[in-house]
Amino acid sequence: MKTLLIIGIGAGDPDYLTVQAIKALNRADVFFLMDKGAAKDSLIDLRKHICERFIETPGYRFVEAPCPERARGVADYRASVVDLNQDKQQVFERMIGEDLADGEVGAFLVWGDPALYDSTLRIVETIVANSAEPIVYEVIPGITSLQALAAKHRVCFNSIGQPFQVTPARRLAEGFPEQLDSVLVMLDAQDTYRLFAEQDMDIYWGAYVGTADEVLIAGRLSEVAETIQRTRAALREQHGWIMDSYLLRRRDGQS
Ligand SMILES: C[S@@+](CC[C@H](N)C(=O)[O-])C[C@H]1O[C@@H](n2cnc3c(N)ncnc32)[C@H](O)[C@@H]1O
């Protein structure tokens with residue numbers, strides 16, 4: 001029997017690790033590391049730092065594999081993600097097959113929480129369902145980037161008694177949901193908040209939240225949109241990559 005642990009490590013600050021995550025780290029024999037793009041080195045370094053800091057008994061090992069990248073500029077976004085996940089599945093299967101012995105525990109360290117815009121759970125579920133050898137897996141939740149963002153800005157996701165939405169920016173570009181006053185936006189490569197700069201809204205924006213590079217900006221959207229856009233571009237240029245998210249809230253909503 002092989003065991004897989006899918007561990008949410010929080011969104012940047014090693015202090016975000018939960019006690020449950022630390023216990024899980026200490027059970028693992030092998031850590032599978034797969035990051036990609038310009039952020040790869042710093043994200044892998046952070047995972048190694050987390051292991052060094054929280055694991056009491058050395059003896060664990062890292063297995064690194066290049067992470068496949070999604071085809072860009074493809075009209076059918078969903079199909080491109082399905083293709084990407086199939087490619088990732090092959091890499092995961094190879095690592096689990098070749099680098100994890102029977103009886104061992106392997107771990108995937110997932111940024112933030114594994115349930116939020118991350119494909120690891122879906123991929124592992126498919127692998128386990130199709131595996132010829134017995135594999136069990138567990139999921140350990142983590143602090144999401146949205147929780148970190150809200151805490152840094154000292155705001156709630158929702159106004160009193162109201163629902164809110166979490167969305168990738170590509171869906172927000174279709175319009176601000178009519179029935180809602182609060183929307184949390186992730187995966188925005190296009191400064192989508194600018195589309196609403198004429199509307200009476202507040203924005204709570206954060207980049208690299210929880211890390212040493214964290215930058216936060218909040219205010220009336222019409223007044224800070226340009227500053228955020230300029231800051232984003234400069235940070236992206238400086239670091240070579242950016243991860244940012246934000247809360248948009250109509251000002252006529254209740255706080
Ligand atoms: C693929 S999703 C992964 C989300 C992750 N599973 C979580 O729980 O936060 C990546 C997006 O999360 C957001 N994100 C992740 N970490 C962040 C951070 N430290 N600061 C701001 N946004 C972050 C960005 O919107 C980024 O585009």
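View 1. A nitrogen atom of the ligand has a polar side-chain atom of W111 at 2.8 Å. Polar contacts here are pairs of N or O atoms within 3.5 Å; inside the protein, one atom must be able to donate a hydrogen and the other to accept it, and residues adjacent in sequence count only if both atoms are side-chain atoms. For S145, a polar side-chain atom is 2.6 Å from an oxygen atom of the ligand. An N or O atom in the side chain of S245 lies 3.0 Å from a ligand nitrogen atom. The ligand alone exposes 570 Å², of which the protein buries 89% (Shrake-Rupley areas, 1.4 Å probe). The model is predicted: local features need pLDDT of at least 70 and side-chain atom pairs pLDDT 80 or more, while totals for chains, interfaces and linings use all residues. Numbering starts from 1 along each chain as its sequence is written, and side-chain values use heavy atoms, without hydrogens and water.

**View 2. The shell around the ligand.** The ligand is surrounded by 16 residues, the closest being W111, D113, L116, S145 and D244 (a heavy atom within 4 Å). By class, 9 are nonpolar, 5 polar and 2 charged. Nonpolar covers Ala, Val, Leu, Ile, Met, Phe, Trp, Tyr, Cys and Pro; charged covers Asp, Glu, Lys and Arg; the others, Gly among them, are polar.

View 3. An open sheet of 5 strands has the order β6-β7-β10-β8-β9, with mixed pairing. Its edge strands, β6 (165-168) and β9 (215-220), each pair on one side only. Strands are DSSP runs of E, at least two residues, and helices runs of H or I, at least four, numbered from the N terminus; pairing takes at least two DSSP bridges. Strands β7 (182-186) and β10 (244-250) are antiparallel and joined by 4 bridges, with S182 opposite R249 of β10. Helix α5 (145-153) packs on the sheet, touching β6, β7, β8, β9 and β10, at about 115 degrees to β8. Contact means heavy atoms within 4.5 Å; angles, from 0 to 180 degrees, are between N-to-C directions of axes fitted to C-alpha atoms, for helices over the stretch in contact. Helix α7 (221-239) lies across β8, β9 and β10, at about 160 degrees to β9.

View 4. Strand β1 (2-8) is joined to β5 by 6 bridges, and I6 has V139 in β5 as its bridge partner.
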